[in-house]
Amino acid sequence: MKARKLETIITHWDSPEILSLRYDLEKLVIEFAANETDIFLIVFEYPIGFKCLDEGDMLHYWSNKVLTDNWIVEILEGGWLEMEKSSGGIRSRETKEIKEVLIMGVNDCVSVFVKTDPQIKRIE
């Protein structure tokens, strides 16, 4: 598996958690606690698809140091998107433009197919 860290406004991580997901056909909004005091909204505009899994159901991901050292990454090879493309599960014409972003928490992980990087805003 090949991945790269996404540069974000989040600077301090300590047992991050996905607190909630909201989807309304135009946006996927993930409420994400990076630590006990810093909570963020991670917003994906027009996601093509997403899934939420228990981190224990993604054991094959944890051998990659980029993933284990970071909490928000782009999966470049070997992830869910590659699996869907190879099985014919993704039929979008612009598959070259689609990327997979993975947001990891200590309990749950969300993988998102999208064309643009997420917008991340701190909740004050």
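Q: Which residue in strand 3 is the bridge partner of I18?
A: F32 is the bridge partner of I18 in strand 3. Keep in mind that this is a predicted model.

Q: How many bridges join strand 2 to strand 3, and how do the two run?
A: Strand 2 is joined to strand 3, residues 27-33, by six bridges, and the two run antiparallel.

Q: What order do the strands have in the open sheet of four?
A: The order is 2-3-4-9, and the pairing is antiparallel.

Q: Which strands stand at the edges there, and why is one side of each left without a neighbour?
A: The edges are strand 2 (17-23) and strand 9 (119-122). Each has a single partner strand, so one side of each has no neighbour in the sheet.

Q: What does the twist average from one strand to the next?
A: In this sheet the twist averages 20° from one strand to the next.

Q: OK, and the side chains along a strand, where do they go?
A: As a general point, side chains in a regular strand alternate between the two faces of the sheet.

Q: New topic. Which residues form the nonpolar patch on the surface?
A: The patch is formed by L21, Y23, L25 and F50, which together have about 380 Å² of accessible area.

Q: Where is the place of L25?
A: L25 sits in the loop between strand 2 and strand 3.

Q: Is L25 buried or exposed?
A: L25 has a relative accessible area of 65%. The cut-off for exposed is over 50%, so L25 counts as exposed.

Q: What is phi of L25 near?
A: Phi of L25 is near 80°, a positive value in a residue other than glycine.

Q: And what about phi of S15?
A: S15 also has a positive phi without being glycine, with a value near 50°. S15 is located in the loop between strand 1 and strand 2. With a relative accessible area of 47%, S15 is partly exposed.

Q: How many bridges for strand 6 and strand 7?
A: Strand 6 and strand 7 pair over four bridges, in the antiparallel sense. I75 is opposite E100 in strand 7.

Q: And how many for strand 1 and strand 6?
A: Strand 1 and strand 6 pair over four bridges, again in the antiparallel sense. The bridge partner of K2 in strand 6 is E77.

Q: Now charges. How many salt bridges does the count come to?
A: The count comes to four salt bridges. In general, side chains of opposite charge can pair when their charged atoms come close.

Q: Which side chain meets R4 in a salt bridge?
A: The side chain of E74 does, at 2.9 Å from N to O. This pair links distant parts of the chain, since R4 is in strand 1 and E74 is in strand 6, 70 residues apart.

Q: Is E74 buried or exposed?
A: E74 is buried, with a relative accessible area of 11%.

Q: What does R122 form a salt bridge with?
A: R122 forms one with D38, and their closest N and O atoms are 2.9 Å apart. R122 is in strand 9 and D38 is in the loop between strand 3 and strand 4 (39-45), 84 residues apart. R122 counts as partly exposed, at 37% relative accessibility.

Q: And K115, what does it form a salt bridge with?
A: K115 pairs with E97, with 3.9 Å between the closest N and O atoms. K115 is in the loop between strand 8 and strand 9, while E97 is in the loop between helix 2 and strand 7, 18 residues apart. K115 is partly exposed at 37% relative accessibility, and E97 is partly exposed at 47%.

Methods: Residues numbered from 1 in each chain as written. Heavy atoms only, no water. Pairing = 2+ DSSP bridges. Axes fitted to C-alpha atoms, helices over the stretch in contact; angles between N-to-C directions. Patch = residues over 30% accessible without salt bridge, like charges linked within 9 Å, V, L, I, M, F, W, Y side chains within 5 Å. Areas by Shrake-Rupley, 256 points an atom, 1.4 Å probe, with all protein chains shown as cover. Buried < 20%, exposed > 50% of the residue type's maximum accessible area, 1.4 Å probe, protein only.
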